[in-house]
Amino acid sequence: MRALLLLAFAFALMGQRDPILVPEVSQHEVQVRQGFTGTELLLFGAVLDPQGRAAGSDYDIVVVLKGPSEPVRLREKERFAGVWVNAASSDFRSVPSYFAVASSKPIADIVDEKTAAIYEFGTAYIQLSPSGVIEPEEQARFKAGLVDLKTRQDLYKQDFQGVQISEQVLYQSRISLPSNVSTGTYTAETFAVRDGRVIASAQAEVEVRKVGFERLVARYSQEWSLVYGLLAVMLSVGMGWAAGRLFALI
């Protein structure tokens, strides 16, 4: 029985016509140290046919790089009696801490809007998973505000001419990570598209982690939060007392 299954699987592979993506990333680990100013990732690879040869047909490439997701509460501000106060708010359960899209052509020239929404081919199609009951118009307003905020922080970006394809075999794209990126596992998904259809996809991972003194501080603040908080208060009080004594002697 197992031999028959293997034989059927082999015939299926032989009959496969869609190409295969072979992706790679310039670095699978990004170390965040003191003075980290950001870095640039090179996402590259090849598109091959099932026999391992060049695919040899026209296609487009879309690359989506996403950081770890986190819950976010977004609040609106409104002016009341000359003072800015909190107004309406909305909660999102799963917000990518970082999101970047690069493609070989504008997305509208590659796929239709439905396909773009399924694969999140752009900041307009990010799936944020809002929680609670909220009107569609209000949800769209909060989503647009969140995307705008992340974009101004250089954490959300899109470049629809950001993928270069050579001889319909090799592709590459450069995506920058700013200094304020969150740590965690980032996923780099690559999609090959032909005639408006995703014909192949592959995924690679990049680990962003703190090292050195920053890593110890982050670890202590998470695992021993009470002790960390007490030490921070004691350090602040001690520095304030020392500064007061120093000015008293001058």
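**Terms and Their Grounds**

Visitor: Why does lysine 150 count as buried?

Guide: Buried means under 20% relative accessible area, exposed over 50%, and partly exposed in between, with a 1.4 Å probe and protein chains only. Lysine 150 has 8% relative accessibility and therefore counts as buried. The model is predicted: local features need pLDDT of at least 70, side-chain atom pairs count only at pLDDT 80 or more, and totals for chains, interfaces and linings use all residues. Residues are numbered from 1 along each chain as its sequence is written, and side-chain values use heavy atoms, leaving out hydrogens and water.

Visitor: Where is lysine 150 found, and what does it touch?

Guide: Lysine 150 lies in helix H3 (residues 136–152), a helix being a DSSP run of at least four residues, a strand one of at least two. Contact means heavy atoms within 4.5 Å. Not counting residues up to four places away in sequence, lysine 150 touches Glu70, Val95, Pro96, Ser97, Leu155 and Tyr156.

Visitor: What makes E1 and strand E3 a pair?

Guide: Two strands pair if DSSP finds at least two bridges between them. E1 and strand E3 (residues 39–48) have six bridges, in the antiparallel sense. Glutamate 24 stands opposite phenylalanine 44 in E3.

Visitor: Which strands stand at the edges, and why?

Guide: The open sheet of four strands has the order E1-E3-E10-E9, with antiparallel pairing. Strand E1 (20–25) and strand E9 (163–166) stand at the edges, because each has a single partner strand, so one side of each is left without a neighbour in the sheet.
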